[in-house]
Amino acid sequence: MYKIKNVVVLGSGIMGSRIACHFANIGVNVLLLDICPTELLPEEIAKGATLDHPAVRNRIVNAALATTVKASPAALYKKSYLSRIKTGNFEDNMSEIAICDWILEVVVERLDIKKIIFEKVEKYRKPGTLITTNTSGIPIFMMEDGRSEDFKKHFCGVHFFNPPRYLRLMEIIPGTQTRPEVISFLENYGDLFLGKTTVICKDTPAFIANRIGVFGILYLFHLVEKLGLTVEDVDKLTGPVLGRPKSATFRTCDVVGLDTLVHVANGLKAGLKNDSLKEYFELPKYIAGMMENKWLGDKTKQGFYKKTKNAAGKTEILALDLKTLEYRQQEKTKFATLEKTKTIDDLQDRMKVLISGQDLAGEFYRQSFFGLFRYVSERVPEIADELYKIDAAMEAGFGWELGPFESWDVLGVASFVAEMEKAMMKPAPWVYEMLKDGNASFYKNENGKKLFYNIKSKSYEPIPGQEAYTRLQPIRKTKTIWSNSGCSIIDIGDDVICCEFRTKMNTIGGEVVQGVNKAIELAEQNYKGVVIGNEGPNFSAGANLAMVFMMAVEQEWEEIDFAIRAFQNMNMRVRYSTIPVVVAPFGLSLGGGCEMTLHADKVQAHAELYTGMVEFGVGLIPGGGGSKEFALRLSDGLSEGDIEINALRERFLTIGQAKVSTSAAEAFDLGILRHGKDSITLNRSRLLTDAKNAVLEMNATGYTMPEKRKDIRVMGKSGLGIIQVGANTMYSGHYISEHDQLISQKLGYILCGGDLSAPTLVSEQYLLDLKREAFLSLCGEKKTLERIQSILTSGKPLRN
């Protein structure tokens, strides 16, 4: 019923400007409006400007948008998308909302101001236009009071989380008269086009995610005081080890702003009448002290952490002592319980160890889960009739890998209830009823579907809408047709199989090479095609550098040659098989992961794709066929009138500068994704489904294996000479090291096809052989081994 081509965002603050950018990301035209200034700035007075000057009248909105565009992480997929946003103000441009299909109100959180804005909207809004508010806590029914019938029927809350490009939650809160089809449309649009996990909420204080999330933080504030933990302790305990974001607790508070958190907490404390744990919304003394000192986090340059410079002028980050409210050097956090989990990659297995710890860390985990589990159980059905909505909101809004009820299942519902009773933290009565009826968990899997316990029907029911998503975890046990230590091949239905990496950081080694080859072999025999994808945090951090390092140290050159040859052959199998192979990258897809992507019949990429060939950073060149593929695409991409050396330079610098895309859209600009062939999926949950559908579409239209290329035009000495001159000049000017100069020459040698006397047509295999020889020679360089060792010691993926 609704087509969204033009939207207007009312309010250009932190959220408003970022919401505008995200709509621009998906190709929608945006009108961003805000108030007019009431006073001139000194520089405006100096120029003789008046309050009536257009630049002055739009100063606030333009400044806010400019700040957002400059901010990190980037709000736009590409800076050129800024052209899709037009700015204006409430006085001069309000009439333009008449052509908009969706009006999004994102002004300050004051009911009186919102009502003034809605009054103006009513004057120009055409009947049937969607109108939503981004409020994080003002009741929807209070905002719709006094509005027209058509307004009420098309009005509801749509609550984005900051930053809206990255946080996937979109809470939808119906008003008292919102038409069901409006809610259905927004739910579907948020999912398909905005890439969101859409959760329908009740009109209760702070809705779902903030109600649970803010309680969890406030409960933890009190627990920290009780157990005598430090800021560093808590952020170590509540970060990635628990399946939560790296910013953990206190760093997150600094980013969000302590004042924002306290505002929500105070609102909940005042608005909650029947909350049995309401006392935890009272602020501890150290929080009150920070508020009094205006130590609000990043916005005031200090909060729980403070960036400063020491006597030597070196930047360092101090931590706040919660007892004295003085900043001090950060302390090393070490707990025996955490040490036990270092070798445990699986989160569920890790959580069981964390909760059973006998030190202060174990006690912290037990007590924090006691409070969290009691609280969420008491919020059903107050804030949500179905418990899965609470988990979905916390995962998408706060970045938790496992929601509260999923975590409770992992730890054992019945056994943990017994522990909660000992701590005087009994859960809601319905949990006891569930257990009494023989239902031991909140979720279970049946026939590849995830079911949740419905407290109304007292039975398990499928989570609505999951049929649209291809998920590996529920079917891994029953649908795996082959596996080794680092790879699984899973039947995902409709005669399509998925090759899933399961190594640490999804690095590519012998087991993954074996798995990809096996998947293609099986598909050629019995299936319509292969999807290469997984459900990890990232697609792949690249090749297994540790394996390369060990073989190079031992000077096992034949082994390295065999490994690189096997990787190249695997990628050529991805390109040349009798069935379509679709690669579905997301997150980090670096080095070897990028090279595999380059060889796919089609790439179905998630919008948040950070990909590139970064091997240059460890003193190597791409070994799996990436530079060969760039030479091929350089040859194919030249049009009449193109200057070949300029195109060569761009391809060379993409690898030589280890460029990494900041989005899938940017990966097109880098030449990694191909216009007309590769596609983008906005919603991460739909990625495997879209990749599977791409396989089926290619199969249905009569897929045939392409012929191996023997017609790649390379420039030979004419191109190589220019690259060598550039590398020598950079070295002479002390811009690159001697080792970088060597790698540059090796890379240029491959892209130009060697020192051929004239431009020549060569085969893919010719380029692969050149590449393998260059890779082997660089593995013997001392500087290369030193760089690899540095990366391995850091434990971080290699990026530009």
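Phe-369, Phe-370, Phe-373, Phe-405, Trp-408, Phe-416, Trp-430, Phe-442, Tyr-453 and Tyr-460 form one aromatic cluster. The model is predicted. In total, the structure holds 35 aromatic pairs. One of these joins Phe-405 and Trp-408: the ring centres lie 6.4 Å apart and the planes meet at 15°, so the pair is stacked. Both residues belong to helix α18 (residues 404-411). They are 3 residues apart, about one turn of the helix.

Phe-442 sits in the loop between α20 (429-436) and β12 (443-446), whereas Phe-405 lies in helix α18, so the pair ties together parts that are 37 residues apart in sequence. The relative accessibility of Phe-405 is 0%, and the residue therefore counts as buried. Phe-442 is buried as well, with a relative accessible area of 0%.

Charges also sit over rings. The charged end of Arg-244 is placed over the ring of Trp-400, 3.6 Å from its centre. That of Arg-651 sits over the ring of Phe-630, at 4.6 Å from the centre.

An open sheet contains 8 strands in the order β3-β2-β1-β4-β5-β6-β7-β8. Its pairing is mixed. The edge strands, β3 (85-89) and β8 (197-200), each pair on one side only. On average, neighbouring strands are turned by 25° against each other, direction ignored. Strands β1 (residues 6-10) and β2 (residues 29-34) pair in the parallel sense over 5 bridges. Leu-10 stands opposite Leu-33 in β2. Helix α1 (residues 14-25) lies across β1, β2, β3, β4 (102-105) and β6 (155-160). This helix runs at about 170° to β2.

Notes:
Residues numbered from 1 in each chain as written. Predicted model: local features only at pLDDT ≥ 70, side-chain atom pairs only at ≥ 80, totals over all residues. Heavy atoms only, no water. Pairing = 2+ DSSP bridges. Helix = DSSP H or I, 4+ residues; strand = E, 2+ residues; numbered from the N terminus. Axes fitted to C-alpha atoms, helices over the stretch in contact; angles between N-to-C directions. Contact = heavy atoms within 4.5 Å. Phe/Tyr/Trp six-rings, centres within 6.5 Å; stacked < 30°, edge-to-face > 60°. Buried < 20%, exposed > 50% of the residue type's maximum accessible area, 1.4 Å probe, protein only. Lys NZ or Arg CZ within 6 Å of the ring centre and 35° of its normal.
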